[in-house]
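User: Please look at the model below and explain how the labels given to its residues and ring pairs follow from the computed values.

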Amino acid sequence: MKLSMVSYTKNDGLYTFKKEFGRNTMLDFYVGRRIWDEGAYQKAVRAREKELGRKIETEFFPEYRVGRLSGNECRG
């Protein structure tokens with residue numbers, strides 16, 4: 001499994017929410033990139049490509065979320 005160090009910004013709502021569970025801590029955290037059901041994953045990617053009208057070519061994970069991040073549009 002590939003792990004990536006993730007950074008956060010002051011306006012990251014998800015980080016702020018999760019930080020409330022450990023108010024007096026600041027720990028490193030990591031994100032995994034494991035696909036448990038390759039068939040289902042590829043089906044979701046193909047469906048997103050159909051919505052976009054083009055093939056997704058990106059390093060963004062998961063690919064089927066390309067273009068769905070509000071305020072921080074990912075490219076693919």
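Predicted model: local features only at pLDDT ≥ 70, side-chain atom pairs only at ≥ 80, totals over all residues.

User: What makes the pair of Tyr41 and Phe61 stacked?

Analyst: A search of the whole structure finds three aromatic pairs. In the pair of Tyr41 and Phe61 the ring centres are 6.0 Å apart with 20 degrees between the planes; since rings pair when their centres lie within 6.5 Å and planes under 30 degrees apart count as stacked, this pair is called stacked. Tyr41 is in helix H2 and Phe61 in the segment after H2, 20 residues apart, and the pair thus links distant parts of the chain.

User: Why is the pair of Tyr41 and Tyr64 called edge-to-face?

Analyst: The centres of these rings are 5.7 Å apart and the planes stand at 65 degrees, which is over the 60 degrees required for that label, so the pair of Tyr41 and Tyr64 is edge-to-face. Ring pairs link Tyr41, Phe61 and Tyr64 into a cluster.

User: How do you know whether Tyr41, Phe61 and Tyr64 are buried or partly exposed?

Analyst: Buried means under 20% relative accessible area, so Tyr41, with 9%, is buried.

User: Why is Leu14 called exposed?

Analyst: Its relative accessible area is 53%, and exposed means over 50%, so Leu14 is exposed.

Definitions and conventions
Residues numbered from 1 in each chain as written. Heavy atoms only, no water. Buried < 20%, exposed > 50% of the residue type's maximum accessible area, 1.4 Å probe, protein only. Helix = DSSP H or I, 4+ residues; strand = E, 2+ residues; numbered from the N terminus.
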